[in-house]
Amino acid sequence: MPGHRTKGFCASAVALALCALAAGCGGSGESVGGGKVVLRYTWWGNPDRAERTEQAVALFEKQHPNVQVQTSFSGYDAYKQKLAVQATGGDAPDVMQLDYRQIDQYASGGVLLDLAKQKAVLRTSEIDSGLLATGRVDGTQYAIPQGRGTETVVYDVKTWKTSGVPLPAQGWTWDDWARAVRALEKKTGEPGATDPGQSEDAFEVWLRGQGKALYTKEGGLGFTAADLTKWWTFTDRLRREGAVSPAGQTTQLDGSVENTPLGRGKAVSDTNWDAPSSGYLAIIPTGIALAPMPSGSDGTPGQYFKPSMFLGVSAHTGHAEAAAQLVDFLLNDEDAAKILGATRGIPVNETIRKETAPLLKDFDKTAADYQASLEGKLKDPPQAPPSGDNALQTTFQRDYDQVSYERMTPREAAENYVTEAKAELRS
Amino acid sequence: MTTTAIPTGEKRATAPTTKRPSKRERQGAAWVFLSPWVLGATVLTLLPMAVSLYLSFTDYNLFDPPHWVGLRNYTQMFTEDPRYWRSVTTTLMYVVIAVPLQLALALVVALALKSMKRGKAFYRSAFYAPSLLGASMSIALVWRAVFNDGGTVDNLFGTGGWVNRPGWALLAVALLTVWQFGAPMVIFLAGLQQIPAELYEAAAVDGAGTWRQFLSVTVPMLSPVLFFNLVLQTIQAFQVFTPAFAVSAGKGGPADSTLVYTMYLYDRGFVASHMGYASAMAWVLLLVIGVVTAVLFRTSRSWVFYASEGDR
């Protein structure tokens, strides 16, 4: 029987190769470093948030000597893309910061762990039930809100004051805002604001100011091409006048404050979320201030309190309990709260919020005061955006690029967007 | 049955060394040595390709199980997606700008290096280095900083930056590729050194100047190498991703001006979660590259000169 020996050898060689392969693949969920449980924790944010998070994590490691936490962070755009790739590869980090827009998609995709099953180590009793519910999809608690945020007009105080243009006031309208940015440009020679036309968030505030919404209750598109045409015509006119940032500046926005026109010293103000605006302090040493977003012409406020970001745990984590402990620590531990302050919005744990409120200083206090000034004046937040919105945010920005570079009229771009959005939401 | 089995065993035990290994045995050994590669090629290339072909006929969104949709992805791509066509034209423009520029630069530097007497090794390494570095993300980010407004190029020439101007951003991306001309340059250099010196001497005797020598000796003799480089660089250019991704911060902007094919593919797959659509795009790219390569081979008959042909 020739070849008998070779065949046996062949089989064992293949078996060996497979073993090596299996050994290489295995153990991804069982990452252990020096006998310690290793957790991966990722978030998006600025260096200020990173520094404070590192401190809090170090404290957690001290309290849990058997756990080692590997952290990483990046800007929002890069984070969003990287997490999508990791999540689809089944390699999502054990603990991850999530945006409102990601929850629906990731929860229904089986990426996130049911956190209610970790009740023993993860306490949620001190979080406002309405706020807590925003992390639920189909009745399952997939994520826990970390803080509360709202949009703001953030501006360079010194430049605005010396220009002599009246400071923004509670209840100002989009017309008041347009007058202000025009006047700022005349007085300072720099655009008064970042062109808000590229921002789906700013558009939403403008839309809600007219009693409309981005999405209907059923998850369809809540506005028409005519609405979007009106918004883009409004911002495009201001851009042509030089009252808001030019296309070359606007196109470089990537979610980090460093790359905004205000951050680059090329505009007086910016529309942003309140928590990340802390990043401006390092760039604009003369100081920044927060003003409410403009409201509709009849005074209807468009901005709202939004769960600023969430914490979720990977469904594939090998250490569900340790991961839940880390989430609990970040949300409910007093010492952690003292370190983290308001870097991710005002804390959600009510006891901690009350205790830390007087301790807040610098920008944290500015943000807390700003939110307090809006308390009771805003309308309810919309429900979590449908899955397709994640991609539409990018599409919105791209389509506006076509307007600001004058390759399409606002109407053409708006019709384009509405067609794409409808297709995206259907599929 | 058992009686027949025993003699076979005896036969094997008594006369193993005298017999030459049969053809089948020798093949078996070949397969054993090939197995790591076969395994890798199957698991890492063929299987994923088959899966991607299947997915291109589905609406797979990464999270839910795929549903068969037939040719819908393909028809949508060709008839309903203006951004797809924009990515096609952008890629073609990129190929047309980057490939000739890169090859021309590689040839010029190779010619200069060939005639160099001293320091050849140093310059060869120096020009080759970008090919090793250039593919990395960090260099691409440096590139972005250099061509950004307020960057080096802006400061030197007052251009206002390239990466934020739709007409110029693609050129910045192409220049990053052109700068990595080291690999074709080394191949050109090897080709140049193969050309017999007698040909130049004979041409000089016939009164041919430098330019005439270049056109009548160097170009024809180098044409197989030129063709090789052209095919290789064209295939690579169609698949450009990293420079466009980094220079436009992952967005293909400004105004979609650097949205090359693979970037749009990435966008559809990983940003919009339309893996089925992205797979279909990948297969169309594969087909197009195949067709373009075939066309290049076809035209090569009229301009590529192989020395052996001269003997006929």
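Buried means under 20% relative accessible area, exposed over 50%, and partly exposed in between (1.4 Å probe, protein chains only). The model is predicted, so local features need pLDDT of at least 70 and side-chain atom pairs count only at pLDDT 80 or more, while totals for chains, interfaces and linings use all residues. Residues are numbered from 1 along each chain as its sequence is written, chains are lettered from A and ligands numbered from 1 in the order in which they are written, and side-chain values use heavy atoms, without hydrogens and water.

Over all chains, the structure holds 28 salt bridges, each being a side-chain nitrogen of Lys or Arg within 4 Å of a carboxyl oxygen of Asp or Glu. Three of these pairs are tabulated.

| Pair | N to O distance |
|---|---|
| A:D91 and A:R40 | 3.1 Å |
| A:R101 and A:D99 | 3.7 Å |
| B:D267 and A:R398 | 3.3 Å |

A:D91 lies in the loop between helix 3 (76-88) and strand 4 (95-98) of chain A and A:R40 in strand 2 (residues 36-44), so their bridge ties together parts 51 residues apart in sequence. A:D91 is partly exposed at 38% relative accessibility, as is A:R40 at 26%. By contrast, A:R101 and A:D99 are both buried.

The bridge between B:D267 and A:R398 joins two chains, because B:D267 belongs to helix 13 (residues 261-271) of chain B and A:R398 to helix 16 (residues 389-404) of chain A. B:D267 is buried at 5% relative accessibility, and A:R398 is buried at 7%. Both belong to a network of salt bridges whose members include A:D399, A:E420 and B:R83.

Technical notes. Helices (H or I, at least four residues) and strands (E, at least two) are DSSP runs, numbered from the N terminus.
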